[in-house]
Amino acid sequence: MDAATAAERLAALMAERADHRFKGLPPDAEGLTLAELAAYRRNLFTGGFTTPVLALSAERLQHNLALMETYTARHRLAFAPHGKTSMAPQLFHRQIEHGAWGITLALPHQVRVARAFGIRRVFLANELVDAAALRWIAAELAADPDFRLVCYVDSVRGVELMDAALRGAARPVEVVVELGAGEGARTGVRTESEALAVADAVAGTDTLRLVGVAGYEAQVPEATPERVRAWLHRLVGIAVEFDKAGRFTGADEIVVSAGGSEWFDAVADVFAAIPELSMPVLKLLRSGAYVSHDDIHYRRLTPFNRVPEEGALEPAFRLWTQVVSRPSADQAFANAGKRDAAYDLDLPVAQVVRRDGTERPAAGIEVTALSDQHLWLRTAPEADVEVGDWVGLGLSHPCTSFDKWQVIPVAEADGTVVDYIRTFF
């Protein structure tokens, strides 16, 4: 797909019409395209938006995109942010405009979304053994010489299944051996000898080409900086040994990849010391949560807490809810729940209360539980909240915040909505 076609498809997203499918949008905007609605620059608080409504901060979103572009360039890292965080092609392209090498994805349908909007480089962080999906990928590779896909392998059996599905493919699929983070961790080979066996299996095929090694350091058991760095050194060591043995024959570069959103400082440090190999090394970081960041989980764990001189990400999400019941002095209920707010890692946090156009801190207000469509609030004596107030919530875990909203308004600091992000989960 050429750039013009990709641009046309992105523009077509904004040609979708506001209707009942998209919660939170103004009811009187029914029939307007998202582009028309954005052009009207309605205010999130006075422009007819209904609660609950999730919004992204325009300024903070731009800050996070620019910060990671600067960070990865400073550390000479290629960047393939994990697209499963947002599943938003508009954000994929903004990430690429801010220097990303490509987009990381986890599942075949996610790759289909990326390809439908012209993403040319995909890192698939999973061993793919689905024959139908592999045949589709082979067809994509055959049809588009500019499309590149790099995929995990972590078992001899997986290699056999991939080889069987790809027989007759016009181009080999590039693969990297995944090193698991340790016993009891997630996917990936556990030992160097297992990595060697998988590499041998790849070498025995015509359908796959070994181009590197990869893994996910956040799965290191009882992770500490020392343990994470030790695992990263193992990963680099496998790449060095494979290169010495000539196992990357046919590759144009050696891919060494790691990096979630918790330890990319360690990845940067260890990858900076990768020795010179027989061909160029693509040092590929894959952190994805940065694009929106969050108010709890990643705010607590971000590497920028350890290296504050490098900058700081800013939480870009806020979920606006409305108080619909105040049955007692120590309790209130708002009209958002599990269908609207991430809750898999932490409960939302009440941040501000808005009444009659004025915002104040949500002092004495604590989120204690979520029902399907209700948010439980414990209110201390100093809490000033009543039925009809809007409560702005900070959220944890971007991956399970994006997936609850098909269309997300992007608002400037004064509430002016300037864009809409369309997601595909």
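Helix H9 passes helix H10 in a right-handed crossing; a crossing is right-handed if the near helix is turned clockwise from the far one by less than a right angle, and left-handed if anticlockwise. H9 covers residues 225-244 and H10 residues 264-272, and helices (H or I, at least four residues) and strands (E, at least two) are DSSP runs numbered from the N terminus. The model is predicted, and local features need pLDDT of at least 70, side-chain atom pairs pLDDT 80 or more, while totals for chains, interfaces and linings use all residues. Residues are numbered from 1 along each chain as its sequence is written, and side-chain values use heavy atoms, without hydrogens and water.

The axes of H9 and H10 come within 10 Å and cross at roughly 40°. Axes are lines fitted to C-alpha atoms, for helices over the stretch in contact, with angles from 0 to 180 degrees between N-to-C directions. H9 is therefore oblique to H10, since angles under 35 degrees count as roughly parallel, over 145 as roughly antiparallel, 65 to 115 as roughly perpendicular and the rest as oblique. In contact (heavy atoms within 4.5 Å) are, among others, Val228, Leu232 and Val236 of H9 with Ala266, Val267 and Val270 of H10. By class, this contact of H9 with H10 has eight nonpolar, one polar and three charged residues. Ala, Val, Leu, Ile, Met, Phe, Trp, Tyr, Cys and Pro count as nonpolar, Asp, Glu, Lys and Arg as charged, and the others, Gly among them, as polar.

H5 passes H6 in a left-handed crossing. Pro108, Val111, Arg112 and Arg115 of H5 meet Ala133, Trp136 and Glu140 of H6, a set of four nonpolar, no polar and three charged residues.

Just after H4, glycine 99 takes a positive phi of about 95°.

Strand S16 (residues 390-394) has five of its five residues buried. Five bridges join S16 to strand S12 (residues 349-355), and the two run antiparallel; two strands pair if DSSP finds at least two bridges between them. Valine 353 stands opposite valine 391 in S16. Strand S10 (residues 317-328) is joined to S16 by four bridges, also antiparallel, with glutamine 322 opposite tryptophan 390.

Methods: Buried means under 20% relative accessible area, exposed over 50%, partly exposed in between (1.4 Å probe, protein chains only).
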